[in-house]
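Here's a quick briefing to read alongside the model. Have a look at the structure first, then work through the topics below.

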Amino acid sequence: MDDIEGKQVKEFSKTYFLTAGECNPQGEMPLQLVVARIIEISTLHANAWGVGYDNLIKRNEGWVLSRVTVEMKRYPTINESYTVTTWIEGRHFSQRNVAITDAGGEVVGEARTVWMAINFATREGVDISQLSYINGNVSSRRSGIEPQSRLRPVTQGRTATHTFRYVDCDFNRHVNTVRYLELLMNQFAMQKYDHSMLKRMEIAFLRETHYADTATVHIDDTDPDDCKMSIDVDGASHCKARFVFVPRAEKES
């Protein structure tokens with residue numbers, strides 16, 4: 001990696017245009033697309049440093065997303081341009097922050113993510129001190145949202161089941177990050193999203209889920225505005241999540 005040592009790209013941005021085909025039924029950028037853009041911009045930034053897939057895979061290593069927290073003031077709407085910017089906070093290179101701004105430069109949403117570098121053969125974490133040459137890329141910019149809360153096991157509420165199929169899996173042959181989120185979002189009716197905006201989402205990934213695994217989704221919506229959920233397989237939690245809703249009238253005020 002000598003050819004890329006010292007290369008500094010503290011922030012990385014990309015501008016997008018929200019088409020009608022990308023919108024949800026409310027005419028907004030759906031949360032699953034927000035998360036997909038977060039993963040994409042993170043990948044592009046890592047590639048710009050020379051620590052993306054192409055380089056790490058030479059040692060059979062790669063980045064795995066561990067936690068995502070998203071908080072939106074509002075979602076971009078149909079035919080709107082928006083810019084996604086990412087940067088690293090902290091010396092461990094694992095905490096990556098994201099801001100989403102509108103065409104006028106106003107921040108409309110932010111995200112905190114935590115990534116792990118793992119060895120694909122052992123599925124164990126690797127010492128990322130080997131990436132110390134990118135110290136110069138750590139930004140002094142801080143996130144404007146609170147870190148992820150402690151997500152506890154869900155022991156009450158309603159349940160649903162789902163068997164993961166071919167389209168749920170990515171090139172690593174396990175369930176894609178966005179598919180988990182879509183499964184959780186589908187546990188709420190259309191009317192819920194008509195009347196409420198999903199303001200904050202927290203999700204933590206604990207175990208890999210694979211093709212043909214049948215999962216039980218636990219939904220504790222005792223508080224309909226602060227819902228806790230988990231996706232379990234064979235009694236073990238594979239991910240835990242929290243959805244915080246606000247009335248749409250409150251969003252517009």
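Let's start with a strand pair: Met229 stands opposite Ala241 in E11. This is a predicted model, where local features need pLDDT of at least 70, side-chain atom pairs count only at pLDDT 80 or more, and totals for chains, interfaces and linings use all residues. Residues are numbered from 1 along each chain as its sequence is written, and side-chain values use heavy atoms, with hydrogens and water left out.

**Strands around E11**

- Helices (H or I, at least four residues) and strands (E, at least two) are DSSP runs, numbered from the N terminus.
- Strand E10 (residues 226-233) and E11 run antiparallel, joined by eight bridges; two strands pair if DSSP finds at least two bridges between them.
- A hairpin is formed by E10 and E11, with two residues between them, and Asp234 in the turn has a positive phi of about 55 degrees.
- E8 also runs antiparallel to E11, with nine bridges joining them, and here Arg200 stands opposite Val244.
- How many residues of strand E11 (residues 236-247) are buried? The count is 10 of its 12 residues, so the strand is mostly covered; buried means under 20% relative accessible area, exposed over 50%, and partly exposed in between (1.4 Å probe, protein chains only).

**Nonpolar cores**

- In soluble globular proteins, nonpolar side chains tend to be buried together.
- The largest nonpolar core here has 48 residues, and Leu31, Val70, Met201, Ile203 and Phe243 have the most contacts inside it.
- By nonpolar core we mean a set of buried Ala, Val, Leu, Ile, Met, Phe, Trp, Tyr and Cys residues joined through side-chain atoms within 4.5 Å.
- H1 gives this core its largest share, six residues.
- There's also a second, separate core of five residues, including Ala48, Trp49, Ile88 and Val138.
- Leaving out residues up to four places away in sequence, Val70 touches several residues, among them Leu31, Val34, Glu110 and Met201; contact means heavy atoms within 4.5 Å.

**The second largest pocket**

- This pocket holds about 330 Å³ of space, a volume being the space filled by probe spheres set on grid points that are joined across faces, edges and corners.
- Of its 19 lining residues, Asn24, Pro25, Gln32, Met185 and Tyr193 are the closest to its centre.
- A pocket is an open set of points on a 1 Å grid over the protein atoms alone, where a 1.4 Å probe fits, with protein on both sides within 12 Å along at least five of seven lines; lining residues have an atom within 4 Å of a point.
- Helix H1 (31-49), helix H3 (177-185), helix H4 (190-195) and strand E8 (196-205) each supply at least two residues of the lining.

**Loop residues to look up**

- Most residues other than glycine have a negative phi, and most peptide bonds are trans.
- Asn79, not a glycine, has a positive phi of about 65 degrees; Asn79 sits in the loop between strand E2 (61-72) and strand E3 (81-88) and is exposed, at 53% relative accessibility.
- Ala212 also has a positive phi, near 75 degrees, and is partly exposed, with a relative accessible area of 39%.
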